[in-house]
Each structure stands twice: as C-alpha cells, then as structure tokens.
Amino acid sequence: MSTDSKDDLVFKALANGLRRQILDALKDEPQTTGMLCEQFDSLDRCTVMQHLRVLEDADLVIVQREGRERWNHLNAMPIQAIHNRWISQYAGQAMSILSALQQGLDRPSE
C-alpha cells in the first residue's frame, strides 16, 4: 500500500469525532473492547467494533487477543508520520510569517 493510501486511511479514521474519543480513551493504557463499550454506553457493541475496525485498518489500533478478550492498544506512529509529513512543514512556514509580522510591528513608525 502506498504512503498516500495509508495517509488517507489515517485521515479517514481521524475525521470521525467518536473515533478520536476512542483513541483518547486508549492514550493512557490499552483497553478491552468490553471496557470501551462500557465507556461508550450510548453505542451498541457492534458500532464500537465497527469504529475499532476503521482504526485498526488505519494502523492506529493494534489488537492483541488474550483468550476471549480483545485488547486494543494505541499506535501513535501513523499520527506522528502525518505530523512529520504535513503539519511540521506548514507550521514552520507559518511561524516565519508570524515572526516577520511581529518584527514589522515592533519597528517604530517613521
């Protein structure tokens, strides 16, 4: 799969607010699917599983099975790759524009 296709899967997964909430829930520690279902009790188990599948397809969640339990682990590497490819490059340019603007404002008027 090409890098662009992988990025598309990550962007698609992150585009949904509920999936971002699931990632936030996994940020501190892995959780079983049952634990996630308890946290998102307004959703049925099938819906939670569908969201986890999208996250898994984007490689944002790594699943480890232990007996009947399915442990979901956050994998932040795809987010880091998006940051490195897209955000950091544009942030640097924005900062230099803001710096130039600040220097212009700091000069006394003639």
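**Group meeting: a walk through a predicted chain**

Okay, let's start with histidine 51, which is buried at a relative accessible area of 13%; buried here means under 20% relative accessible area, exposed means over 50%, and partly exposed is in between, with a 1.4 Å probe and protein chains only. Before I go on, this is a predicted model, where local features need pLDDT of at least 70 and side-chain atom pairs count only at pLDDT 80 or more, while totals for chains, interfaces and linings use all residues. Residues are numbered from 1 along each chain as its sequence is written, and side-chain values use heavy atoms, with hydrogens and water left out.

So where does histidine 51 sit? You'll find histidine 51 in helix H4, residues 45–57; helices (H or I, at least four residues) and strands (E, at least two) are DSSP runs, numbered from the N terminus. What touches histidine 51, leaving aside neighbours within four places in sequence? Asn16, Leu18, Arg19 and Ile22 are in contact with histidine 51, contact being heavy atoms within 4.5 Å.

Aspartate 59 counts as partly exposed because its relative accessibility is 40%. Aspartate 59 isn't a glycine, yet its phi is positive, about 65°. For background, most residues other than glycine have a negative phi. Setting aside neighbours within four places in sequence, aspartate 59 makes contact with Asn75 and Pro78. Lysine 27 is 32 residues away from aspartate 59 along the chain, and their C-alpha atoms are separated by 15 Å.

Moving on to serine 99, that one is in helix H5, residues 77–106. With 35% relative accessibility, serine 99 counts as partly exposed. Take alanine 15, 84 residues from serine 99 along the chain: the two C-alpha atoms are 31 Å apart.

Now let's zoom out. The protein chain has five helices and three strands, running α-α-β-α-α-β-β-α along the sequence. UniProt, in an unreviewed entry, annotates residues 9–83 as "domain: HTH arsR-type". That span, 9–83, is 59% helix and 19% strand, and its end C-alpha atoms lie 15 Å apart.

What about overall dimensions? Along the principal axes, the C-alpha atoms of the chain fill a box of roughly 75 × 35 × 20 Å. The chain's radius of gyration is 20 Å, whereas a compact globule of 110 residues would be near 13 Å; that's taken over C-alpha atoms, with the globule rule being 2.2 Å times the number of residues to the power 0.38.

How many of the 110 residues count as buried? The figure is 25%. And among contacts between residues at least 6 apart in sequence, 49% join residues at least 24 apart.

Last item, charges. The chain has 12 positive and 16 negative ones, with mean positions 5 Å apart. Lys and Arg count as positive, Asp and Glu as negative, with His and the chain ends not counted; each charge is placed at NZ of Lys, CZ of Arg, CG of Asp or CD of Glu.

Terms used
UniProt positions renumbered as here; feature names shortened; annotations may be inferred.
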